[in-house]
Protein chains: 2
Amino acid sequence: MLNSELGVKDIVDNPKSIFYLLNQEEKDELQHHISLAHYKKNEFIFKEGDKPTGFLLLVDGKVKIFKEGVGGREQIVRMAKPLGVIGYRALFSDEIHNSSAVTLEESLVCTISPDFIFNRALKNSDFSFKIIRKLSKELGFSNSRTVTLTQKHIRGRLAESLLLLKDKYGFEHDGTTLRVYLSREDIANLSNMTTSNAIRTLSTFASEKVIAIDGRKIKILDANRLERVSKLG
Amino acid sequence: MLNSELGVKDIVDNPKSIFYLLNQEEKDELQHHISLAHYKKNEFIFKEGDKPTGFLLLVDGKVKIFKEGVGGREQIVRMAKPLGVIGYRALFSDEIHNSSAVTLEESLVCTISPDFIFNRALKNSDFSFKIIRKLSKELGFSNSRTVTLTQKHIRGRLAESLLLLKDKYGFEHDGTTLRVYLSREDIANLSNMTTSNAIRTLSTFASEKVIAIDGRKIKILDANRLERVSKLG
DNA sequence: TGCCTTGTATGTTTTAAAGCATCAAAGTTA
DNA sequence: TAACTTTGATGCTTTAAAACATACAAGGCA
């Protein structure tokens, strides 16, 4: 299923990778500070409270990043896709992880040693700046989500989450089916609602022909309408 | 009221300032890229949608950073105190401001030109790293707040906000009065609740002798109890 | 000084969403 | 293949918080 043949070369030579902008010398050195790990579906990559072991790059697969809240109720704060980096916030702030990462499907993750990141990569101001940009964007996203999740009503929150999944993972070849298959519970935890309400509201959207559901397959039939629901409830 | 005599020297020579770690040459150059502005109470420093004009440092005063949500309802995402930096997230991500900054009292703000920040400061890896750390911590804070504001009940949210104000601004000389004077509306907007509920819950806390209120003056009588309320509701 | 706006306080009603309960369907394991 | 577990679906009840309605106090300002 997974392309386990992916090597360091494929990562550093992909323009979408954060390591693409390193110079050749740095890329060569990176080889000695990187290791690859395989995860099955629904496995923890790290847990809230763990000490960061390095800078993690999701090579293949999909991952949810979530925090445990009141009574163990989880809130998904971010979704990661291939070539996305994870766990770096805690590494850079020298804190323990304040969120957990769990694979949504079989995944490949590579770990880059903190030593390389701090003593080599961050000395390259292009790399530092890219990290700064990434953190800045994510902070903007997080602040926006705070407002959405606290202020929008259920329909708006769910609509926004569906659009978020669309933007992050895109569609299957048919051009309408979301290329990510979440349980209703995960959809609920992404949208700050109970599983019952996620199920109920998805059904309503389906009956309104805004989406179509077939098991975990979600087709977005009317993205504009979804945008409107997201904005106006 | 304000110490308007504060000069660039006082900023760069204060260990709490982000510019403290620049080298002498950089500090000297900074002088030519910095300007100071004075704001009265309740004035906008920047508005959601504005293009960032530079890197802002709050020299004196207090500032709330907030986002407009559904129906104009505002959510305070951060509070700033002297020597704190503001508006840098949008500057670094090259976006328009996604939040507004308004003074809570008379304030002094200095603006550092984007040119200096991008072409000089960020070439200094110590400075870059400090920015990375700052963004990382703020992102952690933002994610935690998301969970708090969506999951905790009113009492827990308000208790957490009061503790947050305590940690940020500390106490007056009496050791119990919060050194920040917010309207009930601002307290509500910080805690994701209506003004009525902020007033009601503050009254309840006062009747429980957890705090004491005298107009906008809030005394924290039992911080431990407040911690417990914040955790358990 | 009194008027008027704004902020604070508190009681009442309404409502969105959580919490429960039940059942069906789909997966998983023995 | 049957027994069991998990996930999805839907109806009903409860509840936390918003919305609304006054009322009162304080601070500006004419």
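**Reading aromatic pairs**

Mentor: B:Phe19 is buried, and so is B:Phe55, where buried means under 20% relative accessible area, exposed over 50% and partly exposed in between (1.4 Å probe, protein chains only). This is a predicted model, in which local features need pLDDT of at least 70 and side-chain atom pairs count only at pLDDT 80 or more, while totals for chains, interfaces and linings use all residues. Residues are numbered from 1 along each chain as its sequence is written, chains are lettered from A and ligands numbered from 1 in the order in which they are written, and side-chain values use heavy atoms, with hydrogens and water left out.

Trainee: How is a pair of aromatic rings described?

Mentor: A pair is described by the distance of the centres and the angle of the planes. Rings of Phe, Tyr and Trp (its six-membered ring) pair if their centres lie within 6.5 Å, and planes under 30 degrees apart count as stacked, over 60 as edge-to-face and the rest as tilted. By this rule the count comes to 18 aromatic pairs over all chains. In one of them, B:Phe19 and B:Phe55 are edge-to-face, at 5.7 Å centre to centre with 65° between the planes.

Trainee: Why is the pair of B:Phe55 and B:Phe127 classed as it is?

Mentor: The centres of these rings are 6.3 Å apart and their planes stand at 55°, so the pair is tilted. B:Phe127 is buried, with a relative accessible area of 0%, and B:Phe55 likewise counts as buried at 0% relative accessibility.
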